[in-house]
Amino acid sequence: MKLGWLFLVTLVYGAMASAEESAVLENKVLLLSASVGRQVVMVGSKLEGASKRLELAIVPEGAKESAAITKAERIKNEAGKDVLRIAAGAAEADLAVNSAGFVTVTPGKNAGCVEVRAGARYAVLPDFFADDVVLDPVKLTVPMLNIPAENFLLQFIEGGSSIVMCIWPGNLKLGAAAPAGTAGQVGSGTPTAERQGPEPQVDLVFSGEGNSRRISAARIEFQGKPVFVGLIEQKNVWQDEEVSGKPAYKPLAISWKPPFQAKWRGDFIVAEGKTMADWPTRHQSFDFQSTTAARPDKWWERGTDALDARFAAAASNSNPHAWIEKGGEDAPQIWQESLAAFFIYPAFFKGDETRLCLYADKSERAKAKVETAAARKANKDAPEVSPPNVYERVLIYPLNRTPATPLNVYTPVDLMRQTLGTGPCEYVLDIAGVKPRAAGGDRPILSYATCGLWNDHIKPIAKGLKKKADGSFEPLDAPTKAHLIQALEEMWHFVHAVHDRLREYKQWSADAAAFCDRAAAQNAKVKSVVDKVQTHIAKLNVDIGRHKFDGPGSEAYWKDRVPELIAQVKADNYAGVESIGKIRDLGNDQDERVSRCRQYVKAARQEILMQDTSDPDVRKFAAEFRDRCHQMLRNMHPKEGF
């Protein structure tokens, strides 16, 4: 089998009917066949001897089920391109294959939606701002679930070798026409794009019972626009790793290895009945990092031999990770503001090994620490007690390409660019929104944290200050004084930038709560869903309500105090310089809080996407609330963490 190949499909390959009753369209990788009397169009992979991949059926407008094919013919469309034109009941659709191996399903008259039948084990809604949503049919009770997906949906096919991706423009208004040489690609190039009108309805249809329950079809409304279906296929292209019962905080190597280099994502699925007090989302998504790949600097913060003095001091008191004494390539530790702690990064590669590090709830961490201390009091060599992790499984898949990704390998982001075009793809992915804002607001700063400004810029100067016999200070040389003044100014700019973000969260929380209250009052069907998301909004309100924006030690206090210190420095009076170190208390508090605020919004967004209902009123509410969360999560401050 040739690895890394991709094709977009809207069909299923099966036994051929007679020449008079069927029509075939093919290229180097695809063999498409539609037969009169069948309900599905068929696709076969020519790279695999025309083996069946999946099925696609056309559902007429207003109908609840697909119709049998009454006409199938290969023709040239108005653009002179070969297409497979089918009629199913009163509906018509064209299927076109271009030289790159793409098939586009373009609706004709009376075509309502397309069903992509793949028998998937999981469906995933990738998220570039927050955590993915993983839908497990085994845990869903409804026969059909409407999902507030935006423009794409992944279906993971049993066996780990196939991912089916559905892509649709939906209510996206595509911009300029494709440039020359890109015939058959919708919206190619870099056109502008905007959303208009209602979103198309996207449903998952389930079949089977118990652990055999699967996603029998994804049903996507046309709304007069094409739908693309892509197949990313290669051995081990996705992995379902069962992790319940594995120890927490122990990086473990798993047998799965990536079949090619890419940006791989791990979706850590919290087990039913388990929650985390300090990480409120049901699933957490992490992009795999490498500890051995060549790069200009390390992305982790702890060394390879032992904890540094600062971490050791924290560990000796109440740090829940006190038993972790090594970092570096074997256990790369990073700081997460919302946890107020270093923790081992959950998903990373070391050489050719894939390693996972599983998280535990705060209460279990504390319990394990007490039990370890008690055991070592009786026996200093007693092994540490590891808390139980909260996860059931980890799903791994390629999300985007890297410079090292082979040219013949396609990822979900590649598919979006190739089908929607670069401009619309970037609009959907909101590339600008993913990029964090500057740490100092509209001002570049020396360090993006109060501790960095103090430790690396202000404290060294303060330690070198010299007093005269009369108690006054030796003047600093001009460059050093300018550096000190810059660092003092940037203390304020950094604090102010984070506080601006906190004010945004405060306003968003008030607006979101009011929106939820209105929706619940207007429609009783929405209330049960509102109650769930309001839980996360309420936590945000309580948390941010504890923050002091005014008063001693607050942002307002330092707004006045920093100019006073700068005026003193300009006058060669440095007596108050070391007092700026106290701003780190405010810095720690604001950084942890703004990161927790992000976690609350991520949890609320994920909650709204995971409701086990198909009520149209709930769907409408969910779509608007999802977009509200999206707007809040974009352009994050670096101190918001993951």
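**Reading the terms of this predicted model**

Author: Leaving aside its neighbours within four places in sequence, Gly37 is in contact (heavy atoms within 4.5 Å) with Ala68 and Ile69. The model is predicted, so local features need pLDDT of at least 70 and side-chain atom pairs count only at pLDDT 80 or more, while totals for chains, interfaces and linings use all residues. Residues are numbered from 1 along each chain as its sequence is written, and side-chain values use heavy atoms, with hydrogens and water left out.

Reader: Why is Gly37 called exposed?

Author: Exposed means over 50% relative accessible area, buried means under 20%, and partly exposed lies in between, with a 1.4 Å probe and protein chains only. Gly37 has a relative accessible area of 55%, so it counts as exposed. Gly37 lies in the loop between strand S3 and strand S4 (41–45), where strands (E, at least two residues) and helices (H or I, at least four) are DSSP runs numbered from the N terminus. Gly37 and Ala68 are 31 residues apart in sequence, and their C-alpha atoms are 5.5 Å apart in space.

Reader: What makes Ser162 buried rather than exposed?

Author: Ser162 has a relative accessible area of 12%, which lies under the limit for buried, and therefore it is called buried. The residue is found in strand S15 (residues 162–167). With neighbours within four places in sequence left aside, the contacts of Ser162 include Phe156, Leu231, Val237 and Trp238.

Reader: Why is the pair of Phe268 and Phe286 called edge-to-face?

Author: Rings of Phe, Tyr and Trp (its six-membered ring) pair if their centres lie within 6.5 Å, and planes under 30 degrees apart count as stacked, over 60 as edge-to-face and the rest as tilted. By this rule the count comes to 24 aromatic pairs. The centres of the rings of Phe268 and Phe286 are 5.4 Å apart and their planes stand at 90°, so this pair is edge-to-face. It links distant parts of the chain, with Phe268 in strand S23 (residues 263–270) and Phe286 in strand S24 (residues 283–287), 18 residues apart. Both Phe268 and Phe286 are buried.

Reader: What makes S24 largely enclosed by the rest of the structure?

Author: Of the 5 residues of S24, 4 are buried, so the strand is largely enclosed. S23 and S24 pair in the antiparallel sense over 5 bridges, and the bridge partner of Phe268 in S24 is Gln284. Ring pairs also link a cluster that includes Phe268, Phe286, Trp279 and Tyr345.

Reader: Which residues have the most contacts inside the largest nonpolar core?

Author: A nonpolar core is a set of buried Ala, Val, Leu, Ile, Met, Phe, Trp, Tyr and Cys residues joined through side-chain atoms within 4.5 Å. The largest has 115 residues, and those with the most contacts inside it are Ile58, Ile580, Phe621 and Phe625. Helix H7 (residues 478–522) gives the largest share of this core, 18 residues. Apart from it lies another core, of 61 residues, among them Met165, Phe228, Val413 and Leu415. Leaving aside neighbours within four places in sequence, Phe625 is in contact with residues including Trp508, Phe515, Val533 and Ile608.

Key: Pairing = 2+ DSSP bridges.
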